[in-house]
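This briefing covers ring pairs, salt bridges, cavities and strand pairing in one protein model. Please look over the sequence and the structure before reading the points.

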Amino acid sequence: MCYDPHFAVCGLYIVHPDFRGQGYGLQLTQESLRYVALRNAGIDGVIENICIYERIGYRVAYHNMRYQGLAREAKFDQNTIVAVSEINFADLAAYDHLCFPAPRDTFLCAWIEQADSQAIAYVKQGQLMGYAVRRQCIEGHKIGPLFADSFEIAKHLLNSLQQGIIGESVFVDITNINPAAKRLVEQQKMQEVFCTGRMYLKGQPSLDDEKIFAITTFELG
């Protein structure tokens, strides 16, 4: 997906098992690189294929890890949690851009309005200090993005999104460049189930990494 003239994310490289090992995945990758042209592109490469992506120009910047747990009852500050529909979209888009390398208003508008999802924000004294989205999946629910000004705010957002789905599976994709994100999921008794190498063609973008408690999705950045 090309987000703007400078940044893209390449994902969803899937080859049928009967045809793997025949170079089709590499051809898909090469075609995607032609499509992104001169943009900096990011991918989440499965660990065993990192060496392949390195041969075509990608470099590992850090790692993303998927954590799984069961939604549980927990306290959160109900006075500061609001639906994103209650805040100015321009404010939401500006906050999102602190944690993502390109403006993505069209994508963001669709993402927060998915069916079987919940999008919430943390607002205190009129100031947006974080937001998060939960979406239903084939198995359980995924939470992402989860962007917040602090550990405590991220915990309030995460706790809020678990209410109403108590006992169901929850997945959160964190990054290892924010140690507080790992502390959050471990405090929630979640376990790591998957890991990728976040790789870029032209270097790691400069973002407010300390606000990133969960990325949006492996496939789209």
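The model is predicted, and eleven aromatic pairs are counted in it. Salt bridges number six, and a search of the whole structure gives three cavities of 30 Å³ or more.

**Aromatic pairs**

- Tyr 62 and Tyr 200 make a tilted aromatic pair, with 6.4 Å from centre to centre and 55° between the planes.
- This pair joins distant parts of the chain, since Tyr 62 belongs to strand E3 and Tyr 200 to strand E9 (residues 191–200), 138 residues apart.
- Tyr 62 and Tyr 200 are both buried.
- Tyr 131 and Phe 147 form an edge-to-face pair, because their planes stand at 85°, with the ring centres 5.8 Å apart.
- Tyr 131 is in strand E6 and Phe 147 in strand E7 (residues 141–148), so this pair ties together parts that are 16 residues apart in sequence.
- Tyr 131 counts as buried, with 0% relative accessibility, and Phe 147 is buried too, with a relative accessible area of 2%.
- A cluster linked by ring pairs contains Tyr 3, Phe 7, Tyr 62, Phe 100, Phe 107, Trp 111 and Tyr 200.

**Salt bridges**

- Glu 31 and Arg 34 form a salt bridge through their side chains, at 2.7 Å from N to O.
- Glu 31 and Arg 34 are about one helical turn apart, because three residues separate their positions in helix H1 (residues 24–36).

- The volume of the largest cavity is about 110 Å³.
- The largest cavity is lined by 16 residues, of which Cys 99, Phe 100, Arg 198, Ile 212 and Ile 215 are the closest to its centre.
- The lining of the largest cavity is made up of eleven nonpolar, three polar and two charged residues.
- Phe 100, one of the residues closest to the centre of the largest cavity, is also among the members of the aromatic cluster.

**Around Tyr 58**

- Tyr 58 lies in the loop between helix H2 (50–55) and strand E3.
- Is Tyr 58 buried or exposed? At 0% relative accessibility, Tyr 58 counts as buried.
- Tyr 58 and Arg 198 are 140 residues apart along the chain, and their C-alpha atoms are separated by 9.4 Å.
- Arg 198 is also one of the residues closest to the centre of the largest cavity.

**Strand pairing**

- Strand E4 (residues 81–83) pairs with strand E5 (residues 117–124) in the antiparallel sense, over three bridges.
- In this pairing, Val 82 is opposite Ala 121 in E5.
- How many bridges join E5 and strand E6? E5 pairs with strand E6 (residues 127–136) over eight bridges, in the antiparallel sense.
- Ser 117 has Arg 135 as its bridge partner in E6.
- E5 and E6 make a hairpin with two residues between them, and Gln 125 in the turn has a positive phi of about 50°.

How values were computed
Residues numbered from 1 in each chain as written. Predicted model: local features only at pLDDT ≥ 70, side-chain atom pairs only at ≥ 80, totals over all residues. Heavy atoms only, no water. Salt bridge = Lys/Arg side-chain N within 4 Å of Asp/Glu carboxyl O. Helix = DSSP H or I, 4+ residues; strand = E, 2+ residues; numbered from the N terminus. 1 Å grid on protein atoms, 1.4 Å probe; cavity = no way out; pocket = protein on both sides within 12 Å on 5 of 7 lines; lining within 4 Å. Points joined across faces, edges and corners; volume = space filled by probe spheres on them. Nonpolar A, V, L, I, M, F, W, Y, C, P; charged D, E, K, R; others polar. Pairing = 2+ DSSP bridges. Phe/Tyr/Trp six-rings, centres within 6.5 Å; stacked < 30°, edge-to-face > 60°. Buried < 20%, exposed > 50% of the residue type's maximum accessible area, 1.4 Å probe, protein only.
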